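Thanks for asking for a second pair of eyes on this one. Please have a look at the chains first, and then we can go through a few points together.

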Amino acid sequence: MRFLLVEDSDDIGHAVSARLSDQGHAIDWVTTLADADAVLAASDVDLIVLDIMLPDGDGRDFLARHRARADTTPVLVLTARSQVSDRVSVLDLGADDYLTKPFDLDELDARCRALIRRSGGTAQEHFSADNLHYEPQSARLQIGDSTRTLRNRENRLLEVFFRSHGRVLSKAQLLDRLFSLDADVSENTIEVYVGRLRQHLEGSGVRIETVRGAGYRLSDR
Amino acid sequence: MSEVYTSRSLRSRLLTLLGIAFLLLALGLYFGTRAIAENAADLTQDHTLSASLNAVAEQLSVVDGEISVDLPYAALALLGAAGDDRVFYRVSREPGGELTGYPDLPHGDTREPNQPVFNTTQFRGDAVRVATTHRQVFDRIGVSRVTLSIAQSRDSRTDIIDGVARNAAVMGVVFLLCATALAWFASGNALAPLRKLSLALGTRQPHDTRALQLTVPQEVAPVVQALNGFLSRLRTNLTNTETLIADAAHRVRTPLTAVKAQAQLALQHSEDDTQRQRLRNLLRAVDQTARSTNQILDHAMVTFRSDGFTRGERRERTDICALVAKTLKELHYTAELRDINFDTSLPTSPLWLHADPILVTEAVRNVVDNAIKYSPPESTITVELTASAHGADLLIADRGCGIAVAEHDRVRERFVRGSNAGKVVGSGLGLTIVQNVMATHNGRLHFATRPGGGTRVTLHFPTEPTP
């Protein structure tokens, strides 16, 4: 997936693009509306993440222009204001969703996924091995003839494993990836989720193996 | 409620003053009437005595050179006829001594003939009124001075005066009672504008800073003007404070976002356990700050809009059904991150209320947000919207840690959180916001403990926000 990120704060832009790149997306990060227009003129993107307050104008004007072109590329708006009337107005102007700063990267991720899922059409990123076909975007896991939809956390955990295929991940690392929104989760929680994923992966060519004293690793059978 | 130090009430002051005045008037009336009665009785008695005296004097004659008095008993009977009064008379001459009557009846001191004088004296144990006159009579000897006195006891006069005085006393008491009663009503009526004023202030919504629109007598007008001036300053202060909070929160937000995003990224990529623990602590602190900033700003916004709503602004015909559906859709992602499902039951047709949709959204969002925060992962939150007698009831039930019954009221206060909130990030403003919105809409926020664990929060919205 190709994302256009329009954000003038270096720190936020850097963190967001790093996170979205981790998820396997290509990111065009620009800091002005003029640059954003230039990117859109030159190439197609799958999703626009748009800040509202930019040095050369208001993101809402950009949004209005974007919709006036009958461009259906989904737009996720980032806003530093929380006057609820603003939320309404960006949605009225054609934003598909919005996030109020400061947001959580996991939530940004989840919303991007949902927007891409909704816009459909585009080929989904997937992982395959043998008789296994896994689409993290839609949380669909197909093994042989049986297809199941994973729960959100199961899906995020499995995606982490697939993106680090063959690498050992400690319980603590997994915990941080999955439960940053939760206050009290122990490493036992990770064991529970790994146990579930092992059940889901039965009959496929991959498995999650325990590496004593280190953590877990996704490996081929 | 702060204590108010009161001095004696205006009404009792008025009543005391008027009461004393009325009492003096009633006493004046009594004594005045009595004096007039005494005077009238004296005049009447003197006239009667004078007439009798004249009649007797007319009967003075000189027969054969001797003075004789032929007493006209009819005239005397007139005197005796009134009640039990006794009548005494004396006719004497000078020189020559007594002619007839009671020789010990003292004569009054007359100077001119035919001019009766009156005096009051004691005679034989009774107070008597004595009328005395004298005539010059020519008889055998020459000129004699004949002095005539008629006395009448004063019993019937006393009776008359006592009767009048009794009536005057009754009239005085009746006057006192009537006047006091009238004063009671009049003072109540005169003080009614003050009661109207206190009622108008007492029934105000907490955020209502509108000027008072009361028609009051000109004496009370300065009070209302002073109050309105105060309310106007309060409104200006509120607005300034809100602007300040909003600006400050806005300035803090962007850097907070940067810190949070960078810390999250670092946490994901760090291999060092100690460093990750530090980053987690940092993230928690940032989350807490971010949450408080957001909620303070939202609280200010809610306070501001509530004020407007109470003044009658932004009342819109709102479909609470669509509003709840939209709010749940927005919070869906947050819930999904923790694998929390909504079990939603909404009416199939719109449910219309007169409300500020943004305020109501804010209330619903905060309650559902709490439910998500405190629910265990992979649990279900039940959301039920039903039409009720005079509005709509929204039930939000979770399987979280619950709120202790003893804290059901306290958690509505600012910056107060349930004692079992633990490490869950929060500002202590969420339920305050909900409570404010519900109060503004004349609705109710109700907590109940859910059988099997968790909280049942009910928001009751009336169809009309004003009773």
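Below are some numbered notes on the contact between the chains and on one helix.

1. A word on the source: this is a predicted model. Please read the values below as computed from it.

2. Let's begin where the two chains meet. On the chain A side, 48 residues are in contact with 39 residues of chain B. The area buried between chain A and chain B is about 4,100 Å², and carbon and sulfur atoms account for 51% of it.

3. How many salt bridges does the rule find across the interface of chain A and chain B? It finds two. One to look up is Asp104(A) with Lys260(B), where the closest N and O atoms are 3.4 Å apart. For polar contacts, the count between chain A and chain B is 18 residue pairs, with both residues at pLDDT 80 or more.

4. Several elements of chain A supply at least two residues each to the side that touches chain B, among them helix 1 (10-22), helix 4 (84-92) and strand 7 (97-100). Helix 5 of chain A gives the most, with eight residues. By class, this side of chain A has 17 nonpolar, ten polar and 21 charged residues.

5. Now to chain B, and its helix 9 (residues 430-440). Nine of its eleven residues are buried, so the helix is largely enclosed by the rest of the structure. The buried ones include Leu431(B), Ile433(B), Val434(B) and Met438(B).

6. What covers those buried residues? The cover includes helix 6 (273-310), helix 8 (357-374), strand 13 (444-449) and strand 14 (455-462) of chain B. After helix 9 comes Asn442(B), with a positive phi near 60 degrees.

Note on methods: Residues are numbered from 1 along each chain as its sequence is written. Chains are lettered from A and ligands numbered from 1 in the order in which they are written. This is a predicted model: local features need pLDDT of at least 70, side-chain atom pairs count only at pLDDT 80 or more; totals for chains, interfaces and linings use all residues. Side-chain values use heavy atoms; hydrogens and water are left out. Buried means under 20% relative accessible area, exposed over 50%, partly exposed in between (1.4 Å probe, protein chains only). Helices (H or I, at least four residues) and strands (E, at least two) are DSSP runs, numbered from the N terminus. Contact means heavy atoms within 4.5 Å. Buried area is the accessible area (1.4 Å probe) that two parts lose on being put together, summed over both. A salt bridge is a side-chain nitrogen of Lys or Arg within 4 Å of a carboxyl oxygen of Asp or Glu. A polar contact is a pair of N or O atoms within 3.5 Å; within protein, one must be able to donate a hydrogen and the other to accept it, and residues adjacent in sequence count only if both atoms are side-chain atoms. Ala, Val, Leu, Ile, Met, Phe, Trp, Tyr, Cys and Pro count as nonpolar, Asp, Glu, Lys and Arg as charged, and the others, Gly among them, as polar.
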